[in-house]
Amino acid sequence: VAHCKEFFFCGQEPFVADEYIERLAWRTPGGGSRGGEAFDPKRLLEEFVNHIQELQVMDERIQRKVEKLEQQCQKEAKEFAKKVQELQKSNQVAFQHFQELDEHISYVATKVCHLGDQLEGVNTPRQRAVEAQKLMKYFNEFLDGELKSDVFTNSEKIKEAADIIQKLHLIAQELPFDSLMGFCCYLLSSPGKYHDLECQLIQEFTSAQRRGEISRMREVAAVLLHFKGYSHCVDVYIKQCQEGAFLRNDVFEDAAILCQRVNKQVGEIFSNPETVLAKLIQNIFEVKLQNYVKDQLEEHRKSDAEQYLKNLYDLYTRTTNLSSKLMEFNLGTDKQTFLSKLIKAIFISYLENYIEVEIGYLKSRSAMILQRYYDSKNHQKRSIGTGGIQDLKERLRQRTNLPLGPSIDTHGETFLSQEVVVNLLQETKQAFERCHRLSDPSDLPKNAFRIFSMLVEFLCTEHIDYALETGLAGIPSSDSKNANLYFLDVVHQANTIFHLFDKQFNDHLMPLISSSPKLSECLQRKKDIIEQMEVKLDMGIDTLNCMIGQMKHILAAEQKKTDFKPEDENNVLIQYTNACVKVCGYVRKQVEKIRNSMDGKNVDTVLMELGVRFHRLIYEHLQQYSYSCMGGMLAICDVAEYRKCAKDFKIALVLQLFDTLHALCNLLVVAPDNLKQVCSGEQLANLDKNILHSFVQLRVDYRSARLARHFS
């Protein structure tokens with residue numbers, strides 16, 4: 001059995017029957033589990049039978065042990081339950097005793113409280129009687145005129161003396177003046193000893209402040225808190241704090257440093273530090289800052305508007321910055337309103353008429369900048385048309401005379417200056433910044449619009465618009481020789497300037513009016529300016545007539561009849577005519593100039609108009625000559641060169657027109673038998689027959705019966 005028990009419990013893993021049988025067979029000789037041994041079933045059976053018997057015996061023993069343990073457990077459970085019942089009974093008894101003790105303690109406490117109330121009821125009148133006796137004693141000393149008590153003669157006991165005087169003063173205020181006691185107390189306490197002691201305390205506070213004795217200052221301030229002169233004590237503290245604090249030129253930085261130092265100290269001295277600090281700040285604003293601002297502004301208020309506005313902006317900005325720093329301190333419940341009122345009190349007289357000063361300065365300054373520029377050019381400004389957009393459109397539609405009358409010679413001057421524009425925009429930018437800072441929020445959009453109107457008047461109307469009008473008046477007639485087309489330079493500079501104007505509009509004006517009704521008004525004003533400028537640019541289309549006129553002069557001067565009907569057909573050495581070379585060179589320069597002068601859709605619009613007119617000019621020019629076979633080939637080469645030039649326009653319509661013109665020129669050289677085939681080609685099939693006929697008629701061999709017969 002011992003062997004079976006040892007084998008049964010040999011493993012720590014959970015019991016598995018198959019593994020158990022396998023181990024038993026492996027350990028039995030002849031069980032067949034060991035290598036090299038013969039299998040002996042009888043011996044294995046015998047081993048199994050014996051092992052089963054051992055297991056049965058072991059099971060009986062374990063069962064008896066389990067029953068014994070169960071009986072023992074039941075017995076101990078009964079004993080434990082009995083013990084728990086006894087403990088519950090003991091706990092109940094202890095709880096009852098605790099309740100009785102608590103009731104007894106409550107009873108004793110009630111008695112003690114009652115006794116304390118009785119003692120307090122007896123002691124309070126006694127203390128009052130003692131204090132009254134002391135006051136009467138001190139009162140007698142006042143009546144005798146001899147202050148013998150140590151509290152009055154010892155300077156170290158000034159606090160106790162102040163308490164006595166304060167009480168006598170309160171008694172004097174409560175008693176009727178016509179009573180003897182009241183009259184005597186009044187004589188003794190005010191303005192006599194009360195006032196003297198008050199002055200003595202303030203003097204002591206002043207001396208302690210000069211010595212830097214914070215604890216003594218706190219002690220004296222606590223005594224003076226109940227006196228009338230407490231506010232005078234605060235005034236003395238504020239006055240002495242500022243002694244030597246404003247020695248530098250920067251009064252704002254000095255004020256910030258002073259308030260920072262006092263903020264750390266005032267809480268250690270006074271019981272109401274926020275009130276004292278607020279009073280100090282109020283004193284600084286109403287005295288130091290107000291006087292400083294007045295000195296800085298009154299000096300230039302009537303004599304120098306520019307310096308006055310700069311100083312006003314700078315002083316107001318520095319004052320608001322100081323206010324922002326002071327917001328960190330505890331100044332009471334509504335410190336924002338408190339500081340705003342202080343700032344308003346300083347600047348209200350200057351801010352009321354700020355915008356009028358701003359507009360007046362901006363107007364005179366802008367006019368001076370423009371006049372200085374025109375004087376430097378020795379130019380006397382002419383009056384320009386003042387009609388609206390509809391008037392300009394009508395003049396464009398009818399192509400009436402330009403507003404400045406007959407054509408004038410501007411000597412290549414555009415009357416636009418980058419320096420003038422930068423100066424005007426800089427002045428306006430500073431005006432917008434001042435307006436944002438100095439204007440009341442309710443007046444800000446209105447004031448910003450007035451500044452914007454000044455910019456429109458002097459930059460857009462008096463400078464850009466005037467230059468455009470002058471440029472239009474300077475456009476030469478189409479039959480002028482060697483005409484200089486300076487209007488495109490005006491357009492280029494005006495375009496650049498307007499981009500700067502638009503940038504300032506978005507960067508500096510929009511934030512000031514974005515949430516007000518003035519926004520739509522400003523946008524409409526800007527739209528009107530753009531439309532008016534575009535109308536005048538459209539009127540400058542006469543510049544294209546001058547370009548075409550220049551091309552006509554080149555062609556008339558350089559093109560010879562013999563170019564297309566050479567005397568010696570076999571000795572033509574040129575690829576294209578001299579007139580073609582010069583015209584193409586001129587056109588390329590003008591295309592480049594147009595691209596540099598304009599942007600956006602305006603470039604394509606102008607180039608399309610120029611390209612169509614250029615094509616019409618060449619078409620009509622070619623119609624003036626007769627062409628031999630070699631002359632026709634040269635004409636084709638010329639048109640091919642014109643077509644290369646047309647590619648620079650980058651306009652599909654213009655290129656298509658020159659492609660068609662090139663195809664028409666082929667009619668000048670094609671064999672008579674192939675004319676109908678060429679005319680029915682893709683590029684010429686849709687053209688009017690009269691156009692085709694007009695080109696065929698330009699051939700020198702047109703009158704031959706054979707050619708006329710083939711084309712008919």
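This note goes through contacts, surface features and one record annotation in a predicted model.

1. Basis. The structure is a predicted model, and residues are numbered from 1 along each chain. The points below begin with a record annotation and the surface, then move to contacts between parts of the chain.

2. The annotated region. UniProt, in an unreviewed entry, places a "coiled-coil region" at residues 52-90. In the model, the chain over residues 52-90 is 100% helix and 0% strand.

3. A nonpolar surface patch. Three residues, Tyr-107, Val-108 and Val-112, make up a nonpolar patch on the surface. Together they have about 290 Å² of accessible area. Val-112 belongs to helix α3, which covers residues 41-144. Is Val-112 buried or exposed? Its relative accessibility is 52%, so Val-112 counts as exposed, the cut-off being over 50%.

4. Salt bridges, overall. Side chains of opposite charge can pair when their charged atoms come close. Across the whole structure, a search finds 21 salt bridges.

5. Glu-253 with Lys-325. The side chains of these two residues meet in a salt bridge, at 3.8 Å from N to O. Glu-253 is in helix α9 (residues 251-266) and Lys-325 is in helix α11, so the bridge ties together parts of the chain that are 72 residues apart in sequence. Glu-253 has a relative accessible area of 32% and is partly exposed. Lys-325, at 41% relative accessibility, also counts as partly exposed.

6. Lys-381 and its two contacts. Lys-381 forms a salt bridge with Glu-462, and the closest N and O atoms are 2.7 Å apart. This pair links distant parts of the chain: Lys-381 is in the loop between α13 (354-376) and α14 (389-398), while Glu-462 is in helix α16, 81 residues apart. Lys-381 counts as partly exposed, at 26% relative accessibility. Glu-462 counts as partly exposed as well, at 28%. Lys-381 also has an aromatic contact: its charged end sits over the ring of Tyr-466, 4.8 Å from the ring centre.

7. A salt bridge joins Arg-699 and Asp-701, with 3.1 Å between the closest N and O atoms. Arg-699 is buried, with a relative accessible area of 7%, whereas Asp-701 counts as partly exposed at 32% relative accessibility. Elsewhere, salt bridges that share partners join Asp-250, Asp-314 and Arg-318 into one network.

8. Aromatic pairs. How many aromatic pairs does a search of the whole structure find? The search finds 16. One of them is the edge-to-face pair of Phe-614 and Tyr-642, at 6.0 Å centre to centre and with 90° between the planes. This pair links distant parts of the chain, with Phe-614 in helix α21 (residues 601-622) and Tyr-642 in helix α22 (residues 629-647), 28 residues apart. Phe-614 counts as buried at 0% relative accessibility. Tyr-642 is buried too, with a relative accessible area of 1%.

9. Ring pairs link Phe-452, Phe-498, Phe-501 and Phe-505 into a cluster. Separately, Lys-518 lies over the face of Phe-449, at 4.5 Å from the ring centre.

10. Asp-465 and Met-533. Asp-465 is located in helix α16, which spans residues 444-473. At 6% relative accessibility Asp-465 counts as buried. Which distance separates Asp-465 and Met-533 in space? From C-alpha to C-alpha it is 7.2 Å, although the two residues are 68 residues apart in sequence.

11. Tyr-316 and Leu-438. Tyr-316 is part of helix α11, residues 305-326. With a relative accessible area of 15%, Tyr-316 is buried, because the cut-off is under 20%. Tyr-316 and Leu-438 are 122 residues apart in sequence, and their C-alpha atoms are 7.5 Å apart in space.

Note on methods
Predicted model: local features only at pLDDT ≥ 70, side-chain atom pairs only at ≥ 80, totals over all residues. Heavy atoms only, no water. Phe/Tyr/Trp six-rings, centres within 6.5 Å; stacked < 30°, edge-to-face > 60°. Helix = DSSP H or I, 4+ residues; strand = E, 2+ residues; numbered from the N terminus. Buried < 20%, exposed > 50% of the residue type's maximum accessible area, 1.4 Å probe, protein only. Lys NZ or Arg CZ within 6 Å of the ring centre and 35° of its normal. Patch = residues over 30% accessible without salt bridge, like charges linked within 9 Å, V, L, I, M, F, W, Y side chains within 5 Å. Areas by Shrake-Rupley, 256 points an atom, 1.4 Å probe, with all protein chains shown as cover. Salt bridge = Lys/Arg side-chain N within 4 Å of Asp/Glu carboxyl O. UniProt positions renumbered as here; feature names shortened; annotations may be inferred.
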